[in-house]
Amino acid sequence: MAGTAPTTDAAAAKATRSYGGRRSGIRVAAAAAVGAALMGATIGRCADAFYLPGIAPSNYQEGYSLTVYANKLTSPKDHVPFDYYSMGYCAPKSGKKPRSTHLSLGQVLIGERHEPTDYELLMRVDEPCKQLCEKELSVDEVNTFIKRVNLDYLTKMNLDNMPIIMRGPTSTGEEVFRLGYPVGFQLNGTGETCLFNHLSFTVKVHKPATSRAAIYSPPGGQEVYRVVGFEVAPESIEGGCASRAADETPKHACVTEGRSATVNWTYGVTFEDSPLEWATRWDPLLNATPGVREIQWFSIINSLMIALFLTAMVALVLLRTVYLDFARYNSMDNEEEVQEESGWKLIHGDVFRPPRAAGMLSVFVGSGMQLIAMMSVTLGFAVLGFLSPANRGGLLTALLTCWVFCSSFCGYHAAKLYTNLGGENKKAVTLGSAFFFSSIAFTVFFSLNLLLWFNGSTGAVPFLTLLLLLLLWFGISVPLNVIGAYAGYKAKPLEWPVRTNQIPREIPHSSAVPPMVFAVFCGVLPFGTVFLELVFVLNSLSNNLLLYYFGFTFIVALILAVTCAEVSVVITYLTLCKEDYHWWWRSFVASGSSALYVFAYALYFLWSQPKTDAMPFLSSMLYLGYASLASLGFGLITGVIGFYASFRFVLACFRSVHID
């Protein structure tokens with residue numbers, strides 16, 4: 001959960017204040033912050049989302065006009081968003097399409113808009129039924145409505161930054177909510193498509209205490225109210241408000257494909273007092289249901305079981321065996337005894353021999369470190385509650401910002417590793433670290449953006465936003481990467497504990513299964529730790545649900561890091577015991593190959609969705625494009641964790657034995 005107990009903030013603040021001491025003090029502070037986050041997520045109210053409101057409340061007097069904003073049209077079956085006014089809804093009275101205002105970069109990238117509508121809502125003034133407009137729908141507009149009703153499109157709106165929701169019971173009687181309301185429905189038995197042309201709004205308001213509202217209240221002591229909820233009950237009514245007022249059951253407002261139709265768009269509004277305060281108005285939307293809690297806890301338990309299994313393997317096999325090796329090797333008196341032995345010490349003259357494609361490995365490691373830094377900072381702020389749900393698109397904006405400013409990590413780690421490996425083509429590594437992952441991401445993004453633009457979707461990024469992204473890339477990210485690479489090349493090279501022989505040692509053939517294939521199979525273990533969390537995330541994104549359970553994600557991420565490190569260390573040790581010194585790439589692939597399983601499950605998830613055959617081509621391309629990009633990033637992150645764990649393990653091993 002994003003929600004952590006209130007003790008998390010205090011512990012994190014205390015850890016932050018202690019930062020700036022010696023290295024030991026930094027480690028203690030970091031351990032305290034991690035421990036506090038874990039305690040807050042596990043012992044505290046794990047199912048309650050914690051966040052900071054992020055904006056000041058808006059106060060409204062009775063009779064004050066409220067503006068309903070349209071965001072976009074989305075569908076769980078079609079991942080292509082559309083503009084609210086791209087449908088046959090009532091056009092603005094001004095005759096001009098309103099422009100979106102106050103959009104963050106993240107909102108633009110996810111295709112969200114902020115367009116005012118002509119719904120007239122007055123604070124605490126109920127309206128049973130009011131006509132918005134009567135519109136003649138053309139044949140094209142009718143066909144568009146029918147197409148999007150068949151794809152289960154939802155209309156997203158907000159009032160005072162609160163999203164519109166539609167409540168309803170599940171099959172078990174539990175009340176749940178849905179973000180947005182459907183465009184329409186299929187009438188059973190007739191094949192007709194009916195539109196939800198009447199919206200019954202329910203606005204929940206809270207009257208703040210005088211002491212709290214004093215600094216906001218207008219002169220004269222007038223009472224003010226704050227919006228704490230926005231709900232809707234859509235209906236399909238033919239004939240408008242007159243039919244609704246009649247005693248008989250009104251007919252549905254249905255349309256037929258290929259025929260024009262006249263539709264009366266109406267609405268009503270009811271204001272309800274609510275004890276819910278403004279600062280906690282998002283809680284009903286963010287609190288996890290019991291079913292979600294069970295899934296998240298089962299995910300953590302599953303991940304812990306895998307991590308404990310690997311930890312036991314490392315403790316029983318590696319530690320015991322390695323310590324025995326230390327004692328045996330250090331007790332040998334002459335070289336003849338060493339030659340009679342077999343094991344990892346015999347390859348001391350080749351264990352640090354640079355691998356093939358050392359430059360590519362350095363670029364992969366640098367890119368992975370950049371992504372780790374980006375995810376760590378973003379997830380840390382999310383767990384502490386700084387990514388408020390009121391800040392729409394804030395998560396994507398934070399990810400992009402952190403990725404840009406963490407580019408120096410990429411250049412530094414790539415350059416430092418390449419220098420330690422004795423590489424000479426430094427310019428290629430510097431350019432590769434600056435453009436490898438970013439160029440792949442931009443190519444995927446730009447290709448999909450062109451398809452969205454041709455399809456008229458709001459997901460298509462405007463030209464000026466595209467220029468802004470290029471400016472962030474070439475104006476900030478690339479220079480920071482070059483600066484980091486310069487620092488990496490100037491850093492003091494690592495001193496290897498043993499010398500590397502001039503002639504490579506022959507590697508004995510001892511297995512029918514290629515070592516790299518075996519390493520790829522090991523990627524299933526890191527994948528197993530995040531499997532249930534991946535299922536939950538994909539379901540949330542597919543159904544356009546609020547994804548705000550960062551506390552659970554943080555715990556799973558820690559378990560994943562431990563699992564990746566242990567898997568790679570085990571594979572590296574087994575490789576060295578076979579007198580094989582090609583451990584560099586295998587340590588990376590052993591944990592990084594989990595990306596293959598993540599992408600494979602993403603394909604299965606797409607195939608297992610209902611009516612996959614009816615999914616539009618563009619929607620499938622969007623899903624596959626971003627799924628492949630996310631899988632690549634996941635592979636780089638897990639691969640780097642495993643690589644550095646194995647790197648430190650090998651250094652520790654050969655520093656602990658006496659070699660003449």
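1. A residue is called buried when its relative accessible area is under 20%, exposed when over 50%, and partly exposed in between, with a 1.4 Å probe and protein chains only. By that criterion Cys129, at 19% relative accessibility, counts as buried.

2. The structure is a predicted model, in which local features need pLDDT of at least 70 and side-chain atom pairs count only at pLDDT 80 or more, whereas totals for chains, interfaces and linings use all residues. Residues are numbered from 1 along each chain as its sequence is written, and side-chain values use heavy atoms, with hydrogens and water left out.

3. A disulfide is taken here as a pair of cysteine sulfur atoms within 2.5 Å. A search of the whole structure on this basis returns three disulfides. With the bonded cysteines numbered in sequence order, the pairing reads 1-3, 2-5, 4-6.

4. The disulfide of Cys90 and Cys133 has its sulfur atoms 1.7 Å apart. The torsion about this S-S bond is about -80°, so the link is left-handed. Distant parts of the chain are joined by the pair: Cys90 lies in the loop between strand 3 (68-74) and helix 3 (105-109), and Cys133 in strand 6 (residues 127-137), 43 residues apart. Helices (H or I, at least four residues) and strands (E, at least two) are DSSP runs, numbered from the N terminus. Cys90 is buried at 9% relative accessibility, and Cys133 is buried at 18%.

5. Cys129 is bonded to Cys241, with an S to S distance of 2.1 Å. A torsion of about -85° about the S-S bond makes this disulfide left-handed. The pair links distant parts of the chain, 112 residues apart, with Cys129 in strand 6 and Cys241 in helix 6 (residues 241-245).

6. Cys194 and Cys254 form a disulfide with an S to S distance of 2.0 Å. The value about its S-S bond is 60°, and the link is right-handed. Cys194 belongs to strand 13 (residues 193-195) and Cys254 to strand 16 (residues 254-255), so the pair ties together parts 60 residues apart in sequence. Cys194 is buried at 0% relative accessibility, whereas Cys254, at 25%, counts as partly exposed.

7. Cys522 is buried at 13%, and Cys564 is buried at 0%.

8. Helix 12 (residues 407-420) and helix 14 (residues 463-490) have axes that come within 6 Å and cross at roughly 30°. The axes are lines fitted to C-alpha atoms, for helices over the stretch in contact, and angles run from 0 to 180 degrees between N-to-C directions. The crossing of helix 12 past helix 14 is right-handed, meaning that the near helix is turned clockwise from the far one by less than a right angle.

9. Contact in this packing requires heavy atoms within 4.5 Å. The residues involved include Ser407, Gly411 and Tyr418 of helix 12, and Leu480, Gly484 and Tyr489 of helix 14. The residues of the contact divide into eight nonpolar, eight polar and one charged. Ala, Val, Leu, Ile, Met, Phe, Trp, Tyr, Cys and Pro count as nonpolar, Asp, Glu, Lys and Arg as charged, and the others, Gly among them, as polar.

10. Helix 17 (residues 550-577) has 28 residues, which at 1.5 Å a residue should span 40 Å, and its end C-alpha atoms are 40 Å apart, in agreement. The expected span is 1.5 Å times one less than the number of residues. Glu579 follows helix 17 and has a positive phi, near 60°.
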